[in-house]
Amino acid sequence: MSDRPQPLFITFEGIDGAGKSTHIATLAERLRHQGRAVTVTREPGGTALAEALRESLLRTSMDALTEALLVFAARRDHLRHVIEPALAAGQVVLCDRFTDATFAYQGYGRGFDLDVLRTLERWVQSGPAGWRQPDLTLWFDVPPEVAAARLAQARAPDRFEAQPQAFFERVAAGYAARAAEAPQRIVRIDARAEVSAVWQQVEAACRARGVLP
């Protein structure tokens with residue numbers, strides 16, 4: 001039998017300002033301390049092509065269908081060149097956003113057809129290893145007004161971050177809907193708390209799923 005470690009694909013979801021990045025870095029450090037090989041990546045992004053598409057998405061005005069097609073094009077390249085090779089090598093992949101974000105932002109935020117998104121999800125995420133979905137998703141749930149206050153202190157907003165609060169309320173509802181559809185995969189993290197308290201929730205979720213000992 002092979003002694004290769006079990007690959008794991010863990011995604012971090014939530015609206016901008018939810019505080020995902022800090023905890024991705026902490027979990028990566030913990031896993032590496034245990035001897036695991038870890039790939040940390042993001043969506044849209046992760047490859048040269050996907051990063052170029054990300055810039056277009058963040059800076060160029062377009063309709064919801066164009067957004068969805070660009071997001072899934074970036075995801076396909078990301079899967080082929082980063083995520084699938086890392087998993088095939090037995091690594092842990094930690095990804096800042098994945099398809100749940102597309103349903104939340106383009107589906108619920110923009111009001112785009114969810115059935116079309118489901119079709120694209122099947123097409124893009126199917127491959128030799130089957131239909132790729134995360135093993136665990138940590139959803140950082142925070143009220144839109146709290147997230148907006150955090151962002152206002154951090155940086156100038158991009159095209160998505162500059163949307164009105166009603167948009168982010170729809171996005172948050174989209175994340176809640178995805179969590180209700182996949183409770184075995186998606187764990188809600190109350191991201192309103194202090195960083196240390198949020199990490200305790202992340203750690204507990206990872207321990208419950210065998211990610212951390």
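**Salt bridges and helix packing**

Glutamate 84 is partly exposed, at 22% relative accessibility (buried means under 20% relative accessible area, exposed over 50%, partly exposed in between, with a 1.4 Å probe and protein chains only). The structure is a predicted model, so local features need pLDDT of at least 70 and side-chain atom pairs count only at pLDDT 80 or more, while totals for chains, interfaces and linings use all residues. Residues are numbered from 1 along each chain as its sequence is written, and side-chain values use heavy atoms, with hydrogens and water left out.

Glutamate 84 pairs up with arginine 132 in a salt bridge, at 2.9 Å from N to O (a side-chain nitrogen of Lys or Arg within 4 Å of a carboxyl oxygen of Asp or Glu). Since glutamate 84 sits in helix 3 and arginine 132 in the loop between strand 5 (130-131) and strand 6 (136-141), this pair ties together parts that are 48 residues apart in sequence (helices, H or I with at least four residues, and strands, E with at least two, are DSSP runs numbered from the N terminus). Arginine 132 itself counts as buried, with 17% relative accessibility.

The count of salt bridges comes to 16. In one of them, glutamate 43 meets arginine 75, with the closest N and O atoms 2.6 Å apart. Glutamate 51 and arginine 42 form another salt bridge, their closest N and O atoms being 2.7 Å apart. Here glutamate 51 is partly exposed at 27%, and arginine 42 is partly exposed at 34%. Elsewhere, Asp100, Glu121, Arg178 and Arg185 join up in a network of salt bridges.

Helix 5 packs against two helices described here. The axes of helix 3 and helix 5 are 10 Å apart, at an angle of about 20° (axes are lines fitted to C-alpha atoms, for helices over the stretch in contact, with angles from 0 to 180 degrees between N-to-C directions). Helix 3 is therefore roughly parallel to helix 5 (under 35 degrees is roughly parallel, over 145 roughly antiparallel, 65 to 115 roughly perpendicular, the rest oblique). On the helix 3 side, the contact (heavy atoms within 4.5 Å) includes Phe72 and Arg75, and on the helix 5 side Glu121 and Trp123. By class, this contact has eight nonpolar, one polar and three charged residues (Ala, Val, Leu, Ile, Met, Phe, Trp, Tyr, Cys and Pro are nonpolar, Asp, Glu, Lys and Arg charged, the others, Gly among them, polar).

Helix 4 (residues 99-109) and helix 5 (residues 114-125) have axes that come within 10 Å and cross at roughly 155°. That makes the two helices roughly antiparallel. Among the residues that meet are Thr99, Phe103 and Tyr108 from helix 4, and Leu114, Arg118 and Glu121 from helix 5. The contact divides into four nonpolar, four polar and two charged residues.

Back in the loop between strand 5 and strand 6 is proline 134, which is buried with a relative accessible area of 6%. Leaving aside residues up to four places away in sequence, proline 134 touches Phe9, Thr11, Phe98 and Arg185. Its C-alpha atom is separated by 21 Å from that of valine 198, 64 residues apart along the chain.
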